[in-house]
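Hello,

Here is the structure we discussed handing over. Please load it before reading on.

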Amino acid sequence: MFWVILSVIAALLLVALVGPMIAPASVNTSSILDAFSAPSSAHWLGTDAQGRDVFWRLVVGARYSIFSAVLVVAGYSVIGVLVAVAAATGGRVVDQVLMRVCDAGLALPPLVFAMGLAAVLGGGLGPAIVALIATGWPFTARLLREVLRETSQSPFIEGARVLGLSKTRVMMRHILPNSLDVLIVKWAADIGFVILSLSALSFIGVGAQPPIPEWGALVNEAARSTAQGWWVIFAPGIAIALTVTAFALLGDQLQARLNPLLRTSVTAPTVNERPAS
Amino acid sequence: MSPDESTPLLEVTQLSVAAPSPNGELPLVREVSLRVGRGERLAIVGESGSGKSLVARSIAGLNRKLTVSGSVRLGGRELLDLSSRQMNLVRRDRISMVLQDPMASLNPLMTVGAQVAEPLIIAGRGRRESRDAAIRMLDELGIPQARSAASGYPHELSGGMRQRVMLAAALIAEPELLIADEPTTALDVRVQRQVLELLHAVAAERSLTVVMITHDLSVVAGFADRVATMYAGRKVHEDRVDRLFAEPAHPYTRALLDAIPRLDDPGAELLPIAGTPPRPGALPSGCSFHPRCPRAVERCAVDVPATTFADDSLEFECHRPLLPLEVVAR
Amino acid sequence: MSVHVTGVTKRFRSGSRSHLALDDVTLVMPHGEITGIVGESGSGKSTLARCLVGIEQIDAGRIDYDGSPLQPFLSRRHRYDARVQLIFQNPMSSLNPRMTAGQLIEEGVRRVPRARSADWRRSRVSELLEMVGLDATDAKRYPHSFSGGQRQRIAIARAMSVEPEVLICDEPVSALDVSVQAQVLNVLRDLQRQSGITIVLISHDLAVVRHLCSRVAVMFGGRVVEQGPTEAVFDSPVHDYTRSLLDAVAVPDPRRERAKLAEFGEYREFRQSG
Ligand SMILES: Nc1ncnc2c1ncn2[C@@H]1O[C@H](COP(=O)(O)OP(=O)(O)OP(=O)(O)O)[C@@H](O)[C@H]1O
Ligand SMILES: Nc1ncnc2c1ncn2[C@@H]1O[C@H](COP(=O)(O)OP(=O)(O)OP(=O)(O)O)[C@@H](O)[C@H]1O
Ligand SMILES: [Mg+2]
Ligand SMILES: [Mg+2]
């Protein structure tokens, strides 16, 4: 199962990487005569309103959709982790201030806030990415702060402290690595969600704009002409759904595999262990 | 079914338990046979993971998700063939279990009295009558002010008191067989002693048949009539309690006894058992214990020892047993 | 290093309720000896251990190491005084599951002033592993691949890596099978004999304490009710609680155990008839 999901993700990333290089040059040139031709051997997924090949537009668009999403998640994760670690190590005041800021961020509906911000920044793919990073980090920071708090109460953390290790070392070597599990699942699932959000921003016109074939933008364009060619909207829709699912499943699988404790199965040497009295 | 006097109350034959795993079935308990007569007390000892609890749970029909094979007969009646409904009836009327963790097995939202009375109510007895019986039972088990304690909740009680409540619930329906899985393990020394004394007294008063499971040999020294030692899913040794402690025939039982620090002999050297028990599915060749056995010879790594019945109470699986004098003399 | 605990009081407050976990505890743990602390659940043994290393602050009294208090705030970076180390009860949760045995021990080795060269650190890790009866090649394995007894020995090696003078062991063997508990107990005894370190052994198993300790303190409800040389306390206990504790201990001797159970049976019969 894990390998199936991983292959799907690898294939998607590969497409995103090399897609634009192997796509025929005609992918961006419109030829009105070919408009809305149904799927055939020449055009596997048919053509759109301007006669462009839907399949190749999708392939080229993968780069915008997937890479932008990875960028967004990476961006807000770095900020979120930094904020959480700063809050956990910086003392009470720093902790309180940072967490109140997070709470304020969490109180706003993220997509609406992102739409507003992207619009203020002038619209387009870049501003959409910045807007999603800006709305995303408080979730990571807040979640991680809680997990850090919980992990720092484990006996082995107390042991590391008693050994006299410095605060930074205890945080970086012991607490943080044992807290990131939760985030890894979140990251993978988030990539899917961000692809959706990016599409949503494109769809309402504050994200990527034509002729950029970002998948949301493709849906946006196609939505104006569903009656003439269902395949035009169907193809990017399926692509989005598939990608979102693949990343969500990846998150689940990663969680089980990355944790050495979860990896131990029935035969684990938990023998000799008795419940504490 | 009229129970014949000569058939033991509990007869376990070739009981095996296996867990499904990606590489086929993982054997956890391997062909264990036990016989416990009416009013007899058998202790099962062994290191953690040796399969003691699995044997206990199989007798009570609680291993529904694992593959259980062989035979478990209670008063001549086969239990492994019963449907889960029929097994529920057997557990209601004939077999009770007491477990290690009394808090996990008591419902925090039900009063103590209601929980003790529950088996009777399920059996169709009247509420009032059941409740009075529960209070009598709690009183018999030495719970102070049993009447008011019965209307309290489990969390208001100390660990030892909770274990008494568990015992009351286990005994109220007058079972024929009591299975106690580490009933004193989580308790303080003094409380452990109280629970043990109580268990001994009530079992004696009712001539209960008891199977007691523990990793602590000291706990069963005065309680059990016979002791069976398990290692890596097999019963490797069984004997009368006195002889097993004085002259353990199996080197593993001997090693377990030598590893215990003794209050009555503080100067004795503690001899740890080298290595660790094998994991299920990764058993050594020959005798499973040979890599850790101080008496092992070449043969032990090759041949699986067969069960030897030395006399009517001693049986063991070992190529190089430490035979008790009595047996050698014959 | 000898440890003197004088009039130590520790109170836990939660909301309006407060609980006196340590009540005027006075104790002596002589240099180079193993001192046992016994008592039942909730009697304050772990609280005392935590106060000794400075995880918990005491409310009153003083704890002196060789005549002076701990210096927990030597610097901002190192908040604890490495001369006093603590071993926890549960060996699974007291080791970081993501670090190998070698990395865990090396962390402590680094803290020693002469740990400049990587070679020295590596050989010191091997030395420590061998000291607790493990193999130098075990350094590459993760905690979950060790048995409970082995994990507890890794914890001891780790604590010893900072070259402490006092080692406090809070129920180091109560999570272990008898077969492996003997390994850990023997390691502790050898440690005390060879490096002359002061060991405090907390346990509810009186036989373990009798076997290993030259002194013992009995705690009950946050107080030390009796202390002294182990022989004296165990052979002629003064306090009723100590006596009842000793009477309750089960010994692997069927005849004696049966006699005890029979005694209770008679007492119960007598009570029920009268
Ligand atoms: N449901 C299950 N599925 C798979 N393996 C199991 C299951 N239950 C128990 N095991 C394994 O079977 C072996 C024996 O378990 P069991 O609980 O009987 O040991 P035990 O002798 O009672 O040990 P302890 O003293 O720790 O209670 C262990 O290795 C355990 O991990
Ligand atoms: N952080 C805490 N907050 C509040 N109460 C506490 C705290 N730690 C311990 N206590 C209480 O202090 C008392 C002594 O606890 P302690 O853990 O020292 O007992 P112990 O002798 O180690 O018992 P055990 O044998 O169960 O480990 C207990 O009643 C406990 O509930
Ligand atoms: Mg068990
Ligand atoms: Mg404790």
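Predicted model: local features only at pLDDT ≥ 70, side-chain atom pairs only at ≥ 80, totals over all residues.

Ligand 2

The shell around ligand 2 consists of F12(C), H19(C), A21(C), E40(C), S41(C), G42(C), S43(C), G44(C), K45(C), S46(C), T47(C) and E171(C). By class, two of these residues are nonpolar, seven polar and three charged. Both β2 (17–29) and α1 (45–53) of chain C supply at least two residues of the shell, and α1(C) has the largest share, with three.

Oxygen atoms of ligand 2 lie 2.8 Å from a polar backbone atom of G42(C), 2.6 Å from a side-chain N or O atom of S46(C) and 2.5 Å from a polar side-chain atom of T47(C). On its own, ligand 2 has 640 Å² of accessible area, and the protein covers 63% of that.

Chain B and chain C

Here 41 residues of chain B are in contact with 42 residues of chain C. The two chains bury about 3800 Å² between them, with 60% of it on carbon and sulfur atoms. On the chain B side, R190(B), R193(B) and L263(B) lose the most area to chain C, together 20% of what that side buries.

Seven salt bridges are found across this interface. One of them joins the side chains of D264(B) and R256(C), at 3.5 Å from N to O. From chain B, α8 (189–206), α9 (217–221), α10 (241–246) and α11 (251–258) each supply at least two residues of the side touching chain C; the largest share, ten residues, comes from α8(B). That side has 22 nonpolar, seven polar and twelve charged residues.

Regards

Key:
Residues numbered from 1 in each chain as written. Chains lettered and ligands numbered in written order. Heavy atoms only, no water. Near = heavy atom within 4 Å. Polar contact = N/O pair within 3.5 Å; in protein donor to acceptor, adjacent residues only side chain to side chain. Areas by Shrake-Rupley, 256 points an atom, 1.4 Å probe, with all protein chains shown as cover. Helix = DSSP H or I, 4+ residues; strand = E, 2+ residues; numbered from the N terminus. Nonpolar A, V, L, I, M, F, W, Y, C, P; charged D, E, K, R; others polar. Contact = heavy atoms within 4.5 Å. Buried area = accessible area lost by both parts, 1.4 Å probe. Salt bridge = Lys/Arg side-chain N within 4 Å of Asp/Glu carboxyl O.
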